Structure formats: C-alpha cells, structure tokens
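Biologist: I'd like a close look at one part of this model, the aromatic rings. Please take me through what surrounds them and how they pair up.

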Amino acid sequence: MKPVLALLTALCLASAAMAQPVAPPPAAPAAPMVKPEGLRIISSHVRVIPDNSVPGVSNIGFVVGANAVLVIDTGMGPPNGALVYAVAEKFAAGKPIFLVTTHIHPEHDLGAQAFPATIKMIRTRAQVAEIQTQGLAVVRAFAARSPAIAQLLEGAQYRTADIVF
C-alpha cells in the first residue's frame, strides 16, 4: 500500500508542478471613444480626428470657414458627441456651427444630441427616411455588440434635422 500511496503522491506533485497557471478572463473591450488629442490638420480649413482603425470609432471632420464651422460625424453616443462638440466650439470661436453626418450608424450620428439645440443639424432626405424606418433597429443591433457600446448608446436618440436636402 505504501508504494502505491507514494506513487500517487509523486504523480500529484509532478502534475501540480507542470500545470499552467489559469489565465484571467479576457478584459471587456474598451468603449469606442473619439481621441481629440489625435487631431490632424489636413489643410488650412480642414481638420480630422482619425478613427485610428478602432472599431466603433469614426473619422470626425471639421471644415473651418471664415463664417462658420461644419462638423462631419459625431462619434458614438453622447459622451463622444460632447468631445467632438468641445473641439468644434474651439474652432468656431463664436461663429455658427453646423452638423452633418455621413449616415445613420451610431458611431457617425448618435453623438449629435450632445450638441446644443442651437447647432443646426443637416440631413439628407434618405437619412430622414432611414431613421424613420430602421433607426431604432440599427441602434439595438449596435448596442448588442458589447456592454461598453450599450452603455455609450443608453438614451441616445437621433436628432431631428433642421435642414433637409
């Protein structure tokens, strides 16, 4: 009996010594946030905050004119929209700001509600129709991608257009 017990003990000790440590579960993906510190000057009137190839982050454009600033896309959800608005406000220096989005995907459009109501929202007729027919389904599909995205989109809504073309 003693040799069997010694053998089992040796096998247990050897097995424990060779066992790999258990890896912690993978970290939840970070929220897709716009990075204003990465702002690039493209020309004397054009600026961009690049997406840095991060899923869920869009390129954000600014056209800085003599009389107004045009913001192109907002980032996903009000937290990103607030970051984008803060940059636009610096460029505007008191001039009017106009906002347009390339399409209704949340990373391009659903930061718009962080912009004050005085900022004119410009939309195409196609965007207005798409928001009416598919908008909430698009938001739900994006929110299902991760808890971080769902949190960014919590309470987010499409802004009504002030100018439609």
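Modeller: R145 holds its charged end over the ring of F142, at 3.9 Å from the ring centre. To count as sitting over a ring, NZ of Lys or CZ of Arg must be within 6 Å of the ring centre and within 35 degrees of the ring normal. R47 also lies over a ring face, that of F91, 5.6 Å from the centre.

Do bear in mind that this is a predicted model, where local features need pLDDT of at least 70, side-chain atom pairs count only at pLDDT 80 or more, and totals for chains, interfaces and linings use all residues. Residues are numbered from 1 along each chain as its sequence is written, and side-chain values use heavy atoms, with hydrogens and water left out.

Now to rings facing rings. Phe, Tyr and Trp (by its six-membered ring) pair when their centres lie within 6.5 Å; planes under 30 degrees apart are stacked, over 60 edge-to-face, and the rest tilted. That rule gives two aromatic pairs. Helices (H or I, at least four residues) and strands (E, at least two) are DSSP runs numbered from the N terminus. F62 counts as buried because its relative accessibility is 0%; buried means under 20% relative accessible area, exposed over 50%, and partly exposed in between (1.4 Å probe, protein chains only).

Y85 and F115 make an edge-to-face pair too, because their ring centres are 5.3 Å apart and their planes meet at 65°. Y85 lies in helix 2, while F115 is in the loop between helix 3 (106-109) and strand 6 (120-123), so parts 30 residues apart in sequence are tied together here. Y85 is buried, at 16% relative accessible area, and F115 is buried as well, at 3%.

Here is the wider setting for those rings. The protein has five helices and seven strands, and their order along the sequence is α-β-β-β-β-α-β-α-β-α-α-β. Of its 165 residues, 35% are buried. Among contacts (heavy atoms within 4.5 Å) with a separation of 6 or more, 62% join residues 24 or more positions apart.
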